[in-house]
Amino acid sequence: MTKVLVVGSINMDLVVGTTRFPRLGETLFGERFATHPGGKGANQAVAAARLGAQVTMVGRVGNDAFGQQMLATLKAEGVDTRWIGISTTAATGVAAITVCDGDNAILVVPGANGELSPEHIAASEPAFAAADVVLAQLEVPMGTIEAAAALAQKHGKPFILNPAPAARLPIDLVGKVALFTPNEYELAVALDGKPENWKALLSMLPGKVVMTKGRDGAYFTDAAGALQHQTSFPVEAVDSTGAGDTFNGAIAAFWDLGLAAASRYACAAGALSVTRAGAQGGMPTRAEVDTFLDNAA
């Protein structure tokens, strides 16, 4: 069982379903509302745990009802929460999500996630020492991510970075990352390039990037720089929220199989995740992914 350490955000998702996205200044009636546990870090932790990984998380929540609910949800999924701190000065992060025809638009308020600091990373060093792989995203401060990458490097642990939300990455951080998992736009922003030049950007870091491309699956290069393609799996989309996080959790959970095999599992898991509502609600188990792949073969 792969031991995955996730460093990242914990949010409560406030989800509104509608027939179309509102225009600037426009008020619409939504069709439904629900709250779902979320945050890229928590989502990826749950995805990896459901796929059979032994998961520990480093993060921060507020001293409020959402924070208590998030901790309870993570524990129920089998995630070790001992390194998740509770803020007395900031609320638990929230994400306001509008869903329409399988697509979504998201506004995130970081809250306690913004307080996760390099000092918290240093205090959680035993978790880094015990992990097989470390997975992080960019919904917590960049300095915290840099500290996590440095600590992973100190203990000889591969550091996977999902560079989302999109941000230009410090050169020193790039050198510490074993694998980047962006989409086209995130790849371009991270490496200061253009989305249409994604093949050239992939070749800049051979064997160190797997790029998701929606319905076209995922692309990556091997250690020699040769372009590889993992096709997607056709499904009927209900809610795409959390699909990328499912992909990332799967990459970490199946890290020991190598990038090609992990990408196949990740594309399958991501496809299954969009067939159900909610970021974590749609995340499949290992048995569900195995059955799906058996039927797709």
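1. In this predicted model, helix α9 gives the most to the lining of the largest pocket, namely five residues. Helices (H or I, at least four residues) and strands (E, at least two) are DSSP runs, numbered from the N terminus. A pocket is an open set of points on a 1 Å grid over the protein atoms alone, where a 1.4 Å probe fits, with protein on both sides within 12 Å along at least five of seven lines; lining residues have an atom within 4 Å of a point.

2. The largest pocket has a volume of about 1,200 Å³, a volume being the space filled by probe spheres set on the points, which are joined across faces, edges and corners. Of its 47 lining residues, G214, S240, A243, G244 and V274 are the closest to the centre.

3. The lining of the largest pocket comprises 19 nonpolar, 18 polar and 10 charged residues. Here Ala, Val, Leu, Ile, Met, Phe, Trp, Tyr, Cys and Pro count as nonpolar, Asp, Glu, Lys and Arg as charged, and the others, Gly among them, as polar.

4. Six strands form an open sheet with parallel pairing, in the order β5-β4-β1-β8-β9-β10; strands pair if DSSP finds at least two bridges between them. Strands β5 (80-87) and β10 (179-180) are at the edges, each pairing on one side only.

5. Residues are numbered from 1 along each chain as its sequence is written. Local features need pLDDT of at least 70 and side-chain atom pairs count only at pLDDT 80 or more, while totals for chains, interfaces and linings use all residues, and side-chain values use heavy atoms, with hydrogens and water left out.
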